[in-house]
Amino acid sequence: MLKKLILAAPLATMLAVPNVQAADDTIRVGINLVLTTPASIIGKQMKAAFEVAHKHLGGKVAGKKLELIFEDNQFKPAIGKQKTEKLIKKDKVHFLTGYIFSHILGASAPVGLKAGKIVVSANAGHSLYAGKKCHKNFFNAAWENSQTPMAMGHLLNERGVKSLYVLAPNYAAGKQMVTGVERTFKGKIVAKALTPMSLRDWSADIAKIRAAKPDGVFVFYPGAWGPAFFTQYAQAGLNKTIPVYNVFSIDGANLPIFQKRNMTHLLGTMNTNFWAPDLDNPATKKFVPAFKKHYKGQVPAHYAAQAYDALNLIAAGIRAAKGDVSNIDAVRRGMEEADFDSVRGKIKFGKNHFPIQNFYARKVVNKDGQWQLSRVGDPVLKDHAPVNSGNCKL
Amino acid sequence: MNYTLLAEQFFNGFQLGIILFLVAAGLTLIFGIMDLVNLAHGTLYMFGAFFAATFVELTDSLVLGMILALPAMLIAGLVLELSVLRTLYERNHLDQVLATFGLIIFFNEFFLIAWGPEGTGINLPPYLSGIITLPGGITVPDYRVVIIISGLLVAVLLYLLVSKTRIGMLIRAGASNREMVGALGINIKLLFTLVFGLGAVLAGFAGMIITPITQAESGMGEGMLILAFVVIVIGGIGSIKGAFIAAILTGLIDTMGRSFIDVALLSFMDSVAAETAGPAISSMLIYILMAVILAIKPSGLFPPKGA
């Protein structure tokens, strides 16, 4: 008898405790980022930007409490997928966002979409999701991978570069970046090198660049790769003869490293991007100083700006559904309309849920003792949509 | 054929080989003599990088900073041996793998928290940041020459230590037959501690001299560890000579593969296929080399006598 009672006790408590998570006055957003490993110089800026956006929303949307739950994917696709599952099953999140690296998004997004969640990539611009694999519940608050290098291709043509040596790490985004520059660059691409992701010493590639004597070098080395590559390029003396044009390799996330190492030869280096901290629009003007105050005095990178937009995009969806996130169609329609102040000014989505936006040339400048990327002239690409948008059957 | 490029890539491969040798020398001694599988050997390489970067920043001198980092490495190695690894000698290899893998995770997080995700680095002083132009238009950065010379110097010192001194004799004896050395009344515990300290200094030295090129970041040791294991398997576990030859061979093959495979493939493939296959094949080359050598000589090129 006693035995039965003991066995029954935990069962009874299980029945007695009401399901707390069913209470629906809180809307939970799961944010999947790289918060450890050297790649976290990007993740930490994005986390800070989500927090700033949360603060600017007053922690509430449509009268409901908004809760952010951060998870670290350790820069590994398998862990990214696991954490996505954890956010869905344990935390019962209503939205999934974050996702910096395309190969991690590729492993994680299908899990979220299958569970019926709205997934917003705050950085990873995997080409497939703009075209064939577009999904009604998938949004991208950044860009498609090949767009930024396409803008760079135009810039290279304008600057009279006739031959180009192309370097990128060997993974999904690296290959798509290369495709982008190939698409618009009119000169000759003398060589393409897809280097291993673990590579930290470019001596072999630098020797090949010296032998090939191109007019310019195009690189995509985001995060902590950038400082290592540019250091070695300068050590080989090539920075004096062959200029390097980059996408996502010198940006707001790693500029403090370049400045700390006093790599002054990089001042004036050009890249292309959809955003710059000196864009003239209300959201950017509100976001940049708030971010600097929140995060070590750093000027936000475009990564941070995208994260800020990603949360505001989700908030726009919640507002449109009047806080009833179970009405996913209303949420989605609200997000498609995207009625909020974006860091792009006004944000407009294509039917594949990727932004249609401008891309600018930017250069590294020293402004008030702080290195940052400053917009140069008119947009290189205007109202640009991913070229494979047509493959999306939505 | 572009001979200038060939010569430059030979030089680059040789330099990679030197770094690999410094890491592999300690690993092969620790594995060969102490029968300890130390996955945390790459962590010691990372220690060297962060120590050197920190001391260089504090003293504002590349040479002084690196000289100070050497005894710091020795101390770190000895502390690690006395506190953790000593308890693992009696355990089986699986326990050793688990424990030293734990050390990797612990120290990667530790450096991430202490130095931040952006890591740190060393700026080369002006007298080392030039380039040397050799006859035939071969250009090499000054600092990479310094790496090669200092690495070769360490290799010579290590050779003298192992083949001409009493300690070296014990090390060689330990590699051949550990039990017999103990039975002859040699303090094997002390010998192990010294060998581990020596291995730590060698790996740390490699991390130090590479930092001005690659920068120091958390997790930098793992890629190096895998290559170092390939090197000691090729060279024969426990053999310094084997480690040297295998390291140079691995460095050359890896660099040459990355430089010329894609060109070679283009001669009989279309460019899209060559672009995909090139990086894949070149990153496999050293493992293919290892498999071939294991098939012909299962205990490596230069197994220690009696092992």
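**Figure 1. Strand 1 and strand 3 of chain A pair in the parallel sense.** Eight bridges join strand 1 of chain A to strand 3 (residues 64-72) of chain A; two strands pair if DSSP finds at least two bridges between them. Helices (H or I, at least four residues) and strands (E, at least two) are DSSP runs, numbered from the N terminus. A:Asn32 stands opposite A:Glu71 in strand 3 of chain A. The model is predicted: local features need pLDDT of at least 70 and side-chain atom pairs count only at pLDDT 80 or more, while totals for chains, interfaces and linings use all residues. Residues are numbered from 1 along each chain as its sequence is written, and chains are lettered from A and ligands numbered from 1 in the order in which they are written.

**Figure 2. Strand 1 of chain A also pairs with strand 4 of chain A.** Strand 1 (residues 26-33) and strand 4 (residues 95-98) of chain A are parallel, with four bridges between them. Here A:Asn32 faces A:Gly98 of strand 4 of chain A, standing opposite that residue.

**Figure 3. The hairpin of strand 2 and strand 3 of chain A has two residues between the strands.** These two strands of chain A are antiparallel and share two bridges. A:Lys60 has A:Lys65 of strand 3 of chain A as its bridge partner. In the turn, A:Ala62 has a positive phi of about 50°.

**Figure 4. Six strands of chain A form an open sheet.** The strand order is 2-3-1-4-5-6, and the pairing is mixed. Strand 2 (60-61) and strand 6 (138-140) of chain A stand at the edges; each has a single partner strand, so one side of each is left without a neighbour in the sheet. Helix 4 (residues 102-114) of chain A packs on the sheet and touches strand 1, strand 4, strand 5 (118-121) and strand 6 of chain A. The direction of helix 4 makes about 155° with that of strand 5 of chain A; axes are lines fitted to C-alpha atoms, for helices over the stretch in contact, and angles run from 0 to 180 degrees between N-to-C directions.

**Figure 5. Strand 1 and strand 2 of chain B form a hairpin.** Strand 1 (residues 131-134) of chain B runs antiparallel to strand 2 of chain B, and four bridges join them. B:Ile131 has B:Pro141 of strand 2 of chain B as its bridge partner. Three residues lie between the strands, and B:Gly136 takes a positive phi near 90°.

**Figure 6. Helix 10 of chain B bends at B:Phe260.** The bend is about 40°, taken as the angle between axes fitted to the seven residues ending there and the seven starting there. Helix 10 of chain B has 27 residues and reaches 39 Å from its first C-alpha to its last, close to the 39 Å expected at 1.5 Å a residue; the expected span is 1.5 Å times one less than the number of residues.

**Figure 7. Chain B and chain A are in contact.** In the interface, 34 residues of chain B contact 30 residues of chain A, two residues being in contact if their C-beta atoms, placed from the backbone, lie within 7 Å. Helix 1 (3-34), strand 2 (138-141), helix 8 (188-214), helix 10 (240-266) and helix 11 (271-296) of chain B each supply at least two residues of the side that touches chain A. Helix 1 of chain B gives the most to this side, with seven residues.
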